[in-house]
Amino acid sequence: MSDYSAHLQFIVGLFAMMDPIATIPIMLGLTAGLTGRQYRQVAMTATMAVMIILVGAQYSGIWLLDLLGTSLGSLEIAGGLVIGFTGFSMLRAPLLIPFH
């Protein structure tokens, strides 16, 4: 995989996780009534907080995987199994509202 392809895959995955389009109404609702300067200050604070959390999670996640002696591949397989079993249990759940 080329470097360009890996970077693009990372950016698309990060965009999907962060979901900035869905956070627009939340940000607008929370900052209603603020001046332009106050809005920019809140936006910059939120951006910096998210950046710190993401970088911290990246490094602590790598450390934790090394500490537990597991690999990223095995974590991906376990996550896929959890999602698969959750989906299967949702398909087999009893109906709460009877059809008339």
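**Notebook: pockets and overall form**

I began with the largest pocket and found that α2 (20-30) and α3 (36-68) each supply at least two residues of its lining. My helices are DSSP runs of H or I with at least four residues, and strands are E runs of at least two, numbered from the N terminus. A note to myself: this is a predicted model, where local features need pLDDT of at least 70, side-chain atom pairs count only at pLDDT 80 or more, and totals for chains, interfaces and linings use all residues. Residues are numbered from 1 along each chain as its sequence is written, and side-chain values use heavy atoms, with hydrogens and water left out.

**Entry: the largest pocket**

I wrote down the pocket rule: on a 1 Å grid over the protein atoms alone, a pocket is an open set of points where a 1.4 Å probe fits, with protein on both sides within 12 Å along at least five of seven lines, and lining residues have an atom within 4 Å of a point. Grid points are joined across faces, edges and corners, and a volume is the space filled by probe spheres set on them. By that rule the largest pocket holds about 300 Å³. I listed 13 lining residues, with M18, P20, T23, A46 and V50 nearest the centre. α2 gives the largest share of this lining, 7 residues. I sorted the lining into 11 nonpolar, 2 polar and no charged residues; here Ala, Val, Leu, Ile, Met, Phe, Trp, Tyr, Cys and Pro are nonpolar, Asp, Glu, Lys and Arg charged, and the others, including Gly, polar.

**Entry: the second largest pocket**

Next I looked up the second largest pocket, at about 200 Å³. Its lining is F10, L14, M17, L54, V55, A57 and Q58. By class I noted 6 nonpolar, 1 polar and no charged residues.

**Entry: the whole chain**

I then stepped back and found 4 helices and 0 strands, in the order α-α-α-α from the N terminus. The radius of gyration is 20 Å, well over the 13 Å that the globule rule gives for 100 residues, so the protein is more spread out than a compact globule. I took that radius over C-alpha atoms, and the rule is 2.2 Å times the number of residues to the power 0.38. The C-alpha trace spans about 50 × 50 × 30 Å along its principal axes.

Finally, I checked burial: 2% of the 100 residues are buried, meaning under 20% relative accessible area with a 1.4 Å probe, protein chains only.

Key: Buried < 20%, exposed > 50% of the residue type's maximum accessible area, 1.4 Å probe, protein only.
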